[in-house]
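Let's take a friendly walk through a protein chain. Have a look at the sequence and the 3D picture, and then read on.

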Amino acid sequence: MLEAGCGVGAQTVILAGNSPQADITSVDISDESLAAAKQRVDEAGLGNVEFRQADIFDLPFPDDHFDHIFVCFVLEHLPNPTEALAALARVLKPGGSITVIEGDHGSTYFHPDSEPARRAVQCLVDLQRQAGGDALIGRRLYPLLVRSGYRDVHVSPRMVYVDASRPALVDGFTRKTFTAMVEGVGEQAVGQGMMNEADWAAGIRDLYRTPKTTGLSATRSSRLSDGDDQMIGPAAPGPKCDGLFAPRETTPVQ
């Protein structure tokens, strides 16, 4: 299995732990991230992962090399995701499969509503677009995969729903994943005049306020009750992912 764009290994330890029989090659363009990923895997006592520094667009592997490819939250950062998917198809065996997990950070809803919070989330989307990425890429995975030459494409949209009865998701997803991600672009957003400091602070405060009585969820049709703070956010395949549209059993056209 190839994990393309492993980052600091957050997904690597899950893949290796859930599939101890699999031989996993995890690549990333950043040596610093690879070192962090290797340390995480070593600390978990996992021995079925090989790490290599590599560029997705110039992979150092022969054609038809891997049975499966795993990509999680990588395409959203690339200005040319179709080319990346085509490059990955080259190293996938005939009849092999690829799993792609991506977010749709613009699909977040919460109660009580907050205009500053919605504007803060939109700043994240706009800034990622300025950098050449696409924070909304989850909603267009199907056409991207088809245009890249894959067939038998199946897309499974997931959502995360959190309220006060789900304290692990309140802490792990609402506070430490989604809101922290939005908060991280604050300096750029204010510096570019997208929001003033007071409105930005209010938006982040309102996002953090949401999980005080509830958090975020993974259902497509969640009912929000008056009187409770709730958020419906971008999809996740499991407790470790903040959002996804995940094609499964996707095979490239040969």
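Helices (H or I, at least four residues) and strands (E, at least two) are DSSP runs, numbered from the N terminus. In the protein chain there are 12 strands and eight helices. This is a predicted model, in which local features need pLDDT of at least 70 and side-chain atom pairs count only at pLDDT 80 or more, while totals for chains, interfaces and linings use all residues. Residues are numbered from 1 along each chain as its sequence is written, and side-chain values use heavy atoms, with hydrogens and water left out.

How much of the chain is buried? Of its 254 residues, 50% are buried, where buried means under 20% relative accessible area, exposed over 50%, and partly exposed in between (1.4 Å probe, protein chains only).

Now find strand β2, residues 24–28. Five of its five residues are buried, so β2 is largely enclosed by the rest of the structure. On one side sit Ile24, Ser26 and Asp28, on the other Thr25 and Val27, and all are buried.

Who are the neighbours of β2? Two strands pair if DSSP finds at least two bridges between them. β2 pairs with β1 in the parallel sense over three bridges, and here Glu3 stands opposite Ser26. β2 also pairs with strand β3 (residues 49–53), again parallel, over five bridges; Thr25 has Glu50 as its bridge partner there.

Finally, visit the loop between β1 (2–4) and α1 (12–18), where Gln11 is found. Gln11 is buried, with a relative accessible area of 11%.
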